[in-house]
Amino acid sequence: ACALVLPSPPPPAAVRCQAAGACFSAHLANETYTNASAACGGRRGSLAWLSGEPELRLLLGLLADAAAGSEPSLFWVGLKRNSFACTDEGQPLRGFSWEGTGGGAAPQEVPAALGRWVKEPVRSCLSARCAGLHLAEAAPDGGPSWGWKE
């Protein structure tokens, strides 16, 4: 999932944008985090990062459409924990932070609603780790069931 600059002309179906200009695109490929990040860079963007629930809902809708019929699915986003950072169970992102924010500043405060994990990340302070957005079967409310996954 890439965060892109606002495209012109209007975006194709695999891209969704907010009125404020944040755009996301979905790309289905079996790639490593590093290769996914490079592919987004080649599209004049970066791996997606989220600052709140409106962006999360937009991204979940896009990814659910892209992954239709191939659930569960894991999409790389710009969520990474560096080797010098420790797992922090008291934080929504568990010590992970957003990278590749397209020249902008990633949010320092993370809403609690973004702290949903499919499985708690490995407790560590020694190695860099990446996390993706995991989509599973539809939730009872009809939306996609989701969570972060290391």
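Author: Trp98 and Trp148 are both buried. The model is a predicted one, in which local features need pLDDT of at least 70 and side-chain atom pairs count only at pLDDT 80 or more, while totals for chains, interfaces and linings use all residues. Residues are numbered from 1 along each chain as its sequence is written, and side-chain values use heavy atoms, with hydrogens and water left out.

Reader: Why is Arg94 called buried?

Author: Buried means under 20% relative accessible area, exposed means over 50%, and partly exposed is in between, with a 1.4 Å probe and protein chains only. Arg94 has a relative accessible area of 12%, so the label for Arg94 is buried.

Reader: What makes the pairing of the side chains of Arg94 and Glu120 a polar contact?

Author: A polar contact is a pair of N or O atoms within 3.5 Å; within protein, one must be able to donate a hydrogen and the other to accept it, and residues adjacent in sequence count only if both atoms are side-chain atoms. The side chains of Arg94 and Glu120 make such a contact at 2.8 Å. A polar atom of the Arg94 side chain also lies 2.8 Å from the backbone oxygen of Gln91.

Reader: Which aromatic rings pair, and why is the pair of Tyr33 and Trp76 called edge-to-face?

Author: The whole structure holds 4 aromatic pairs. For Tyr33 and Trp76, the ring centres are 5.4 Å apart and the planes stand at 85°, so the pair is edge-to-face. Rings of Phe, Tyr and Trp (its six-membered ring) pair if their centres lie within 6.5 Å, and planes under 30 degrees apart count as stacked, over 60 as edge-to-face and the rest as tilted. Because Tyr33 lies in helix H1 (residues 33–42) and Trp76 in strand S5, the pair ties together parts that are 43 residues apart in sequence.

Reader: How do you know whether Tyr33 is buried or exposed, and what is Trp76?

Author: Tyr33 has a relative accessible area of 6%, and therefore counts as buried, whereas Trp76, at 22% relative accessibility, counts as partly exposed.

Reader: What makes Trp98 and Trp148 an edge-to-face pair?

Author: Their ring centres are 5.7 Å apart and their planes are at 75°, so this pair is edge-to-face. Trp98 is in strand S6 and Trp148 in strand S8 (residues 144–149), 50 residues apart, and the pair thus links distant parts of the chain. Ring pairs also join Trp98, Trp146 and Trp148 into a cluster.

Notes
Helix = DSSP H or I, 4+ residues; strand = E, 2+ residues; numbered from the N terminus.
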